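Let's take a quick tour of a protein fold, piece by piece. Have a look at the picture first, then follow the notes below.

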Amino acid sequence: MPFRSHRWVCVVAGDTGTGKTTLLDAMSFALYGTMPLKEAGEIRSHHADLDDRTEVRLTFQVGDETYVVERAPTQVRRGRTAVADLVTERAKVTLSRVVDGSTEPIANGVREADHRIQELVGLSATQFQRVVLLPQAKVTDFLLAGSGDREALLEQLFDGRVFDGVVEGLRRRRDGATQSGGAVDEQLRNLVASAEN
């Protein structure tokens, strides 16, 4: 799926139950190690066989560069020896750049890779999930809502409270400028009146 200059060009369409949410969850997990509405312990299916490794690989593009992220959650798997029946594998992630048809690792480890991916994508996990993975029910609510309800829904989806302080600060500055302007007008009237006398 091509991501270019933070303008997302991607449509995932299909009937209910065809796997759209699973695909988007995998994309979110690949990029950020989290999925909407799922705890870390719920990423690996409890139906998965102990011999099966849970992992995801996502190829994406930023500008003219192509990247590959490979990520696996913490998981319990069957050990390779009789001594260790079960082993816990820690979460792993590798971020690579595609150069001349082969991959060149540029970040290894959760912290380093997560930081680089956020820089590349330009969105945090929360922003990605709010903006890119807009919940289907919320889209329907938005399309059917009146203007007042639509504003409230947008604030809920995109956490518009961040801007409330900015708006309030601008309002105070406007009110202060209006008062200052009124005082200057009064001084000018007084000067004009004095000059006329």
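**Sheet, helices and one arginine**

Strand 4 and strand 7 run antiparallel to each other and pair over six bridges; two strands count as paired if DSSP finds at least two bridges between them. Helices (H or I, at least four residues) and strands (E, at least two) are DSSP runs, numbered from the N terminus. Keep in mind that this is a predicted model: local features need pLDDT of at least 70, side-chain atom pairs count only at pLDDT 80 or more, and totals for chains, interfaces and linings use all residues. Residues are numbered from 1 along each chain as its sequence is written, and side-chain values use heavy atoms, with hydrogens and water left out.

- Four strands make up an open sheet in the order 3-4-7-8, with antiparallel pairing.
- Strand 3 and strand 8 are the edges, so to speak: each pairs on one side only.
- On average, neighbouring strands here are turned by 30 degrees against each other, direction ignored.

- You'll find R71 in strand 4 (residues 65-72), and its bridge partner in strand 7 is V93.
- Is R71 buried or exposed? R71 counts as buried because its relative accessibility is 5% (buried means under 20% relative accessible area, exposed over 50%, partly exposed in between, with a 1.4 Å probe and protein chains only).
- The R71 side chain reaches the backbone oxygen of F29 at 2.9 Å and the backbone oxygen of L31 at 3.1 Å.
- Leaving aside neighbours within four places in sequence, R71 is in contact (heavy atoms within 4.5 Å) with residues including A30, Y32, E55, D114 and I117.

**Two helices crossing**
- The axes of helix 1 (residues 20-32) and helix 2 (residues 110-121) come within 8 Å and cross at roughly 115 degrees. Axes are lines fitted to C-alpha atoms, for helices over the stretch in contact, and angles run from 0 to 180 degrees between N-to-C directions.
- Helix 1 brings A30, L31 and Y32 to this contact, while helix 2 brings D114, I117 and V121.

**The nonpolar core**
- L31, F60, V69 and L95 touch the most other members of the largest nonpolar core, which has 24 residues. Such a core is a set of buried Ala, Val, Leu, Ile, Met, Phe, Trp, Tyr and Cys residues joined through side-chain atoms within 4.5 Å.
- Helix 1 gives the most to this core, with five residues.

Conventions:
A polar contact is a pair of N or O atoms within 3.5 Å; within protein, one must be able to donate a hydrogen and the other to accept it, and residues adjacent in sequence count only if both atoms are side-chain atoms.
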